[in-house]
Amino acid sequence: MNVFTLYLDATGPEMTETVEDEEEEEEEEEKEEEEEDISTPSPDEELSTDNEVEPIKPTASPSPPTSKKKEPVQEEIKSKKEPVNVVFIGHVDAGKSTIGGHIMYLTGQVDKRTLEKYEREAKEKNRESWYLSWALDTNQEERDKGKTVEVGRASFETDKKHFTMLDAPGHKSFVPNMIGGAAQADLAVLVISARKGEFETGFERGGQTREHTMLAKTAGVKHLVVLVNKMDDQTVNWSEERFEECKEKLLPFMRKVGFHTKKDLHFIPVSGITGANLKVPFTECPWYKGPPFIQFIDDLPSLRRNSDGPLRMPVMDKFKDMGTILLGKLESGKIEKGANLIIMPNKNAVEVLQIWVDDCESDTAFTGENVKLKVEDVLPGFVVCEPTNLCHTCKVFDAQIVILEHKSIICPGYSAVLHIHNAVEEVQIQTFIGLIDKKTGKRSKGHPRFIKQDQIAIARLEAQELFCLESFNDFPQMGRFTLRDEGKTIAIGKVLKLL
């Protein structure tokens, strides 16, 4: 069976087709591990972006500002715990908020009295099993319906790292909110329900397990931890057979999306309601030999940060509080209190009056941290930059896109909603420049009149307004995007050239 693989990570994205069977893939992976040849090029290196699209030259990389303070920056970062954003994704009612609430309790972020209060209130509403999720679902509407709407946010610390949990909504109506959460994530946790019938519902077409996994990969998430939740349910009772069944059904899809099944994936059986295997090993599950969830994510290798690069902070949200407060994740560079910055694409000059890092006031914010800035009026999707090194803005750009799911053909003139970093813009396909051969990775001659599902194309897209973006080669975090239409994700892609 042919499977469609998408590589979209920081080392270089590739959209290729692998025609090996699953068994052949496993054998190749084992051979690669035995050889351990460091000089062997990765799939991303073998099929470079330049080989795919020879006629199109990507825009020149913006020259990072020269700074003599590189060593002090690294020293200051080392003195802090490494910030890691963890997004919890998965189908509705899989138990994401419950697991997040229990982690907050186990790490001391929520005390026992507060949980007992939530439990009493939940009992009064005949929602006894929901009380843990109320630690993250603070909105009254979310508590009444038992559905997360906005991306919940909470943080906890371990000996090595500072984690920020992003609790993404699981319902298909709130996928745009989930995309905003995934855009800030460094690590994704896919929560699936092991209960009979629930896993199948979430994984089948129309369920959010597939779409959330694909969107997380598109957002640049490298590692994916799969928590097989509700293992304590009466229909499961910590059964190894059920755990392996869920795992075997998921693995082919994970390969298709582009995750390396041995390096990028890890499966852990847990129970969100009892807290089993979240912080300490669960003794009644002897067949699972790995570490519990918190220990596993704490032991993951450090992330590569562009701390000395140009300042880039996509604005996720804003609110008024004695001035305008901006929320976002610092993707590159650092921000200091009193700095004079530029907000793109409107080129508004602003002064940073105050900085909060995870709700604590600070004089400096570094790459990877979740930041609040007090400045003048701006909109979500804008990008905070230094005056000496502005990000690019444009209306028209060339991109490589892959059509994931669309019933009919797509022709020039087709309109869709573009999600790129925290910006949401309506775009129209102006023309198709060419098709990419999935076997060779080379561009075909001629301009196609239309494209259809599972095809890879180079297209010219035009937005209605100027917005901030970068070519993928220059800045991957602002060069990946998703196209959605009629409430469904129809395509994903990368920016090749700004016009």
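Where pLDDT is low, the predicted coordinates should not be read in detail. Over the chain, the mean pLDDT is 78, and 79% of the residues reach 70 or more.

Residues are numbered from 1 along each chain as its sequence is written, and side-chain values use heavy atoms, with hydrogens and water left out. Because the model is predicted, local features need pLDDT of at least 70 and side-chain atom pairs count only at pLDDT 80 or more, whereas totals for chains, interfaces and linings use all residues.

The chain has twelve helices and 24 strands, taken as DSSP runs numbered from the N terminus (H or I, at least four residues, for helices; E, at least two, for strands). The part to examine is helix H10, residues 208–218, which is mostly covered, since ten of its eleven residues are buried, meaning under 20% relative accessible area with a 1.4 Å probe and protein chains only. Among these buried residues are Glu211, His212, Leu215 and Ala216. After H10 comes Gly220, whose phi is positive, near 100°.

The partner to consider is helix H11 (residues 240–257), whose axis comes within 10 Å of that of H10 and crosses it at roughly 35°; the axes are lines fitted to C-alpha atoms over the stretch in contact, with angles from 0 to 180 degrees between N-to-C directions. The crossing is right-handed, that is, the near helix is turned clockwise from the far one by less than a right angle. From H10, Thr209, Arg210, Thr213, Met214 and Lys217 meet Leu250, Phe253, Met254 and Val257 of H11. By class, this contact has five nonpolar, two polar and two charged residues. An α-helix has 3.6 residues a turn, so residues three or four places apart point the same way.

The side chain of Ser193 reaches the backbone nitrogen of Arg195 at 3.3 Å. Leaving out residues up to four places away in sequence, Ser193 touches Ala94, Glu198, Phe199, Asn229 and Lys230.

Notes: Contact means heavy atoms within 4.5 Å. Ala, Val, Leu, Ile, Met, Phe, Trp, Tyr, Cys and Pro count as nonpolar, Asp, Glu, Lys and Arg as charged, and the others, Gly among them, as polar. A polar contact is a pair of N or O atoms within 3.5 Å; within protein, one must be able to donate a hydrogen and the other to accept it, and residues adjacent in sequence count only if both atoms are side-chain atoms. pLDDT is the predictor's confidence in each residue, from 0 to 100. Buried means under 20% relative accessible area, exposed over 50%, partly exposed in between (1.4 Å probe, protein chains only).
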